[in-house]
Structures are given as structure tokens and as C-alpha cells.
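Please look over the chain shown here before reading the notes below.

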Amino acid sequence: MSAPSLAVPSSGGRFMRRLSSTEATRESMSMGPTVVVPPKHLMAPSNASEVAAAMEVARHEIDSAATPGTPITPSETLVTDKYAYAFDIDGVLIRGGKPIPEAIQAMKMLNGENEYGIKVPYIFVTNGGGKTEQERCLQLSQQLEIEVSPGQFICGHTPMREMAERYKTVLVVGGEGEKCRQVAEGYGFKDVVTPGDIIKDNQDTTPFRKLTSEEYENSRARNFAEVEIEAIFVFADSRDWASDQQIILDLLMSKNGRLGTRSETFEEGPPVFFSHNDVVWSTSHDLTRIGMGALRVSLEAMFKAVTGKDLKTTAFGKPQIGTFQFATRLLQQWRKDTHCIDMPPDTVYFVGDTPESDIRGTNEFDSHADNSWYSILVRTGVFQEGTKPRFQPKATVDNVLEAVKHGMEREYKKALKASLQDSNALDSAVVEE
Ligand code: G3P
Ligand code: MG
């Protein structure tokens with residue numbers, strides 16, 4: 001018996017879509033994603049729905065999402081409408097600012113360099129941040145040698161955009177220099193304070209931290225005795241835990257976010273939002289490094305030690321169901337805008353390295369969603385061989401290229417099986433006649 005042809009069989013007429021560049025109008029290529037009202041079944045009855053709502057508004061307001069990315073389909077390219085990929089970034093595609101070698105080939109494979117002769121749509125869902133979505137996409141484009149559009153990208157702080165209307169004066173923590181202030185202002189926050197502004201106003205705030213001359217110059221002079229900080233947003237990893245925690249703690253213990261005051265109840269401070277909850281992450285060191293989730297744990301423990309009270313904070317990002325709801329809508333719009341596919345994929349392959357965020361989130365969302373979300377764990381990041389992850393993936397592979405191959409082979413086999421079943425059914429019908 002001869003081996004099955006690698007030409008992917010058609011199943012029910014919807015396995016893939018043949019597009020030509022003449023079918024895509026300039027308007028359809030350049031229009032930014034519009035908001036898709038989430039179906040009821042996706043609105044999980046948990047605090048995740050608040051996160052989802054925030055993301056919905058955030059998505060709506062990313063005007064630059066209009067830039068089309070790589071999958072501008074050349075004529076006669078086959079694009080599957082059956083399945084898609086969603087990629088975590090750190091530990092899967094990038095490590096310590098450099099691409100994981102197999103990542104470049106994996107992207108090429110999805111963009112048509114594969115034995116099946118097809119393209120597969122994909123998006124990126126990272127908990128990372130610290131720069132604008134546009135800036136991050138540009139960087140990712142260079143690292144992965146493809147074009148990445150904000151229309152196929154979500155980062156940890158994307159949903160914080162929605163909070164711009166709710167809070168006037170906010171403290172923004174983390175990231176390099178003034179970058180997170182710029183991101184927050186770009187999101188529409190009207191009055192953004194940084195820890196540098198607070199130290200500039202009173203350098204005794206942080207006994208062991210003096211501002212550099214550049215920091216001093218960039219920080220804004222104001223009298224904090226007259227300012228009420230309404231909310232605290234940790235946008236990116238803190239570059240100075242001691243100072244940042246001191247300032248956050250001062251605000252949490254204050255009367256209504258006014259520095260220099262002390263609440264008697266310790267219940268009058270502003271709320272704290274973290275853009276994600278990853279306790280560890282994968283970067284250039286051989287071993288994992290502590291991340292924003294560790295700062296969160298530390299802050300909550302410190303607040304308890306100092307005040308005797310529990311501190312409740314909120315985290316966005318994976319594994320929140322809201323993040324996956326948002327990813328669903330992003331993918332739907334991306335497939336529609338760039339591939340003219342106006343239906344959800346049957347399967348989304350989510351490739352991640354962190355069991356607690358990527359695998360947990362994918363598996364939990366799989367049990368909520370109408371379609372299938374298939375978790376693939378790679379060995380290039382947080383997960384270390386020899387340990388047993390608390391959240392079990394559907395598959396574990398060496399790297400992102402293997403993850404892409406795994407999904408494509410699985411889909412090929414599924415399509416082949418469906419096609420054989422179709423032809424058997426047809427044969428029986430002919431015999432019966
Ligand atoms: O700081 C970012 C890191 O915790 C995780 O990023 O891409 O693995 O979700 P990512
Ligand atoms: Mg990761």
C-alpha cells in the first residue's frame with residue numbers, strides 16, 4: 001500500500017481556504033479589529049469577567065492594530081481555517097532577548113514552509129510588557145524575522161488601558177526608565193506618577209536609593225502632600241524592589257493614597273493591579289528568575305507583617321480565563337482581517353513553557369470554550385525535565401518547532417481520517433443503491 005499523499009485531503013469543504021491577494025481589499029487589510037461581543041458561554045461567572053471586560057475595551061482602543069502582519073497571503077496560498085496557534089513568548093520563542101533558534105524555523109513553517117503546503121494563522125499571548133504593543137511587535141518582528149502586528153499580540157498590561165477612565169492619578173511601577181509612564185499615558189491615563197517623582201519630592205522616602213542625574217531630570221516635580229493616588233499599577237518587573245515596595249506600602253497604609261499620612265484601619269489605601277502573576281520566568285540564566293508574581297507574594301506578606309491585615313491585589317494575564325477569552329476574540333478578528341476566515345477554528349494549539357500560567361490557563365479555558373484549546377508544553381523555558389508539572393499539558397515537546405510539527409501532524413491525521421470515513425460512507429451508499 002502506498003503512503004498517503006501529503007496533500008491535505010478536503011473534509012466537508014472547509015479544511016482550508018484558497019485565497020488570492022486579489023480577494024483582499026486595501027480596506028479589509030488595513031481596518032483594525034473591531035470589538036466582537038463575547039458569547040455568553042465565554043463569560044465565566046468569576047472575577048475573570050472583569051478582566052475580560054477590561055481586555056475587551058483595551059482591544060477596541062488599540063488603534064494601531066490596523067497594521068497588517070506577515071500573513072498577507074500571496075496568490076494561491078492555502079490557509080487552513082481548521083486550526084490556529086497561540087504562542088507564549090518568553091521561554092518559547094525568546095530567551096534573554098534572543099530568539100530560541102528553533103523559533104525562526106517554526107514561524108517559517110507556519111508561513112508555508114511545510115510539507116503540507118499550507119499556512120496556519122497564529123497570535124502571541126505574553127505576560128511580559130514594559131513597552132508599547134507597537135514597540136514590542138517591532139522588536140519581535142526583528143527577532144523572529146517575520147512581521148508581527150499589534151492585531152495578533154496581547155501583553156500583560158494590555159487590559160490596564162480600560163482602567164484609564166476609572167482612575168485619575170495613578171502610580172505606575174516597573175520597567176525601564178520612563179517607558180511604563182509613556183505606555184500608561186498612551187493608554188489614556190491622565191495623571192501618571194512614578195516612584196522617581198515621589199523620591200524627587202522627598203529623597204528620604206527611600207534611604208538607600210538616590211536618583212541618578214538622568215532619573216532626577218526625567219522625574220516630575222510636584223508636592224505629594226497635595227496629591228491623592230487612586231490606584232497602583234505594576235506594569236512591568238520592578239527594577240528596584242526595595243524602593244518600589246516601600247512606596248507601594250506607604251500608599252497602602254495611607255489615608256486615601258495621600259503620601260505622608262497613616263490610616264488607622266489600613267483599609268483606606270488604593271487598589272493594586274499587577275499585569276500578571278508569574279512567580280518565575282525564563283530568561284538568559286540557566287535557571288528561572290523571580291518575576292512579578294514574586295513581588296506580589298512579597299508585598300502581600302509584607303503588608304500582613306506590618307499591619308496584621310490581609311492585602312487583596314488583582315492580577316491580569318495568563319492563566320486568567322479573561323486573557324483566553326480576549327485571545328479568542330483577537331484570533332477571530334485576526335483570521336477575518338488577514339485571511340478572510342469568518343469562523344472560529346476547531347482547535348487552537350497553545351504553546352507555552354510555564355505550567356502555572358500557560359498550561360493551566362489553556363486547560364481551564366478548554367473546558368469553557370466551544371472549540372478545543374490544546375496545550376503544548378516546551379522544554380526550553382520554565383518547565384524542567386524531571387519535574388512533574390501540577391498542570392498537565394496535552395503534549396510535551398523539546399521546543400517550539402516540535403510543537404508546531406506536533407499540531408500540524410495531528411491535524412493532518414485528523415483530516416485524513418475524516419476523509420477516509422467520508423469515502424467509506426460514500427462506498428456503502430453506492431453498494432446499498
Ligand atoms: O515577565 C514576563 C514573563 O513573566 C512571562 O512572559 O511571554 O512567558 O508569558 P511570557
Ligand atoms: Mg513563557
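**Basis of the model**

This is a predicted model, in which local features need pLDDT of at least 70 and side-chain atom pairs count only at pLDDT 80 or more, while totals for chains, interfaces and linings use all residues. Residues are numbered from 1 along each chain as its sequence is written, and chains are lettered from A and ligands numbered from 1 in the order in which they are written.

**Nonpolar cores**

A nonpolar core is a set of buried Ala, Val, Leu, Ile, Met, Phe, Trp, Tyr and Cys residues joined through C-beta atoms within 7 Å, where buried means that 20 or more other C-beta atoms, placed from the backbone, lie within 10 Å of a residue's own. The largest such core has 55 residues, and those with the most contacts inside it are Tyr85, Ala86, Ile123, Val351 and Val400. Helix 10 (residues 321–339) gives this core its largest share, 7 residues; helices (H or I, at least four residues) and strands (E, at least two) are DSSP runs, numbered from the N terminus. A second, separate core of 38 residues includes Ile232, Phe235, Met292 and Leu295.

Five strands form an open sheet in the order 10-9-11-12-15, with parallel pairing, two strands being paired if DSSP finds at least two bridges between them. Strand 10 (191–193) and strand 15 (314–315) are the edge strands, each pairing on one side only. Strand 12 (residues 272–274) is joined to strand 15 by 2 bridges, and Phe274 stands opposite Ala315 in strand 15.

**Glu402**

Glu402 lies in helix 12 (residues 400–432). Glu402 counts as partly exposed because it has 19 C-beta neighbours inside 10 Å, a class that falls between buried and exposed (12 or fewer). The C-alpha atoms of Glu402 and Ala103 are separated by 9.8 Å, although these residues are 299 residues apart along the chain.
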